[in-house]
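Here's a quick walk through one model, from a sheet to a couple of helix details. Have a look at the fold first.

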Amino acid sequence: MKIYELADCITKSEHTDVKSVATITKQQYEEICNCFSFVDFYHTCKCLRSMVVENGNTLQNYILSLKTKKRSYTDSELEDLVIKANGMLVDFLSSIKMSVDIFSNLISKKDKKLYDEFVKLNSQLYDENFGYRFLTRMRNYVMHRNMPFKKITNSIEDGITIGCIKNILLEFDGWSTVKEEINLMPDCISIEKYVPEAIGCFGDLYIKAIEVISKDVVEGNIKINDICKQYNIKSPTILVMEENSKSFRIHDLPLYMMNEFLLEASRYPSLGINVMF
């Protein structure tokens, strides 16, 4: 049989002491652990957001940096630049699609109402933001047709510019209503100016995704604070040991994730969280 001890981690200048303050039941142990059931969901959401933002910024910064390269290049060198740009664009488009799909899956398993709201928000962002709409359809183009970047120009005055050739894009039948909008665009279409808008739309979806766990985190934080007050501790942890054994393992509680979530969520008015630390 396992024995569970509630303990306090006391950090000193050179080390951390762990001081047991009370024996708790298995049920109490599980209730405390439940306060942190949000951690995997939140970690996944953060990873996806970081990936999308990093891929988008990498693509945009790369294309903009080419404009500063004001020297002559061989055809082979220019071809390598196009290949690299296409790879970055594919990474960005794929990361958005994959992340939205994962958000949808995670949310659908937790809250049907918020899942419906998430789907509605994604459709609304698609309808209201051309950059998000265009790049969402561009991902289909990449999957079923061709690499987007085909046009590259190089001049001493303007550096290197990379774009998509409109007539080649229009050969694809999967643009839906976006095809009419592409018809109105220049013959050589720049992509980089639509990246920030797409990242912004994804940010809105991220906020909606973490709304799913916001209530659980707030309630968990209240419970942990109550435990800290009850036992006069500041940094709770749990010691788990077998009966009649002198050895134990420390079950660290990811308090930092709870605090990080609450701090981040307090910046999003739609979540309605205002927690004082």
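## The sheet

Two strands count as paired if DSSP finds at least two bridges between them; helices (H or I, at least four residues) and strands (E, at least two) are DSSP runs, numbered from the N terminus. On that basis, 3 strands make an open, antiparallel sheet ordered β3-β4-β5. β3 (149-155) and β5 (188-189) are the edge strands, each pairing on one side only.

This is a predicted model, where local features need pLDDT of at least 70, side-chain atom pairs count only at pLDDT 80 or more, and totals for chains, interfaces and linings use all residues. Residues are numbered from 1 along each chain as its sequence is written, and side-chain values use heavy atoms, with hydrogens and water left out.

## Around β4

A hairpin of 3 residues takes β3 into β4, and the two strands pair over 6 bridges. Ser155 has Gly159 as its bridge partner, while Asn154 sits opposite Ile160. On the β5 side there are 2 bridges, with Ile165 facing Cys188.

β4 is mostly covered, with 5 of its 7 residues buried (under 20% relative accessible area; exposed is over 50%, partly exposed in between; 1.4 Å probe, protein chains only).

Ser99 belongs to helix α3 (residues 75-110) and is buried, at 0% relative accessible area. Beyond its neighbours within four places in sequence, Ser99 is in contact with Leu48, Met51, Val52 and Phe202 (heavy atoms within 4.5 Å).

As for α5 (residues 130-144), its buried residues include Phe130, Tyr132, Phe134 and Met138.
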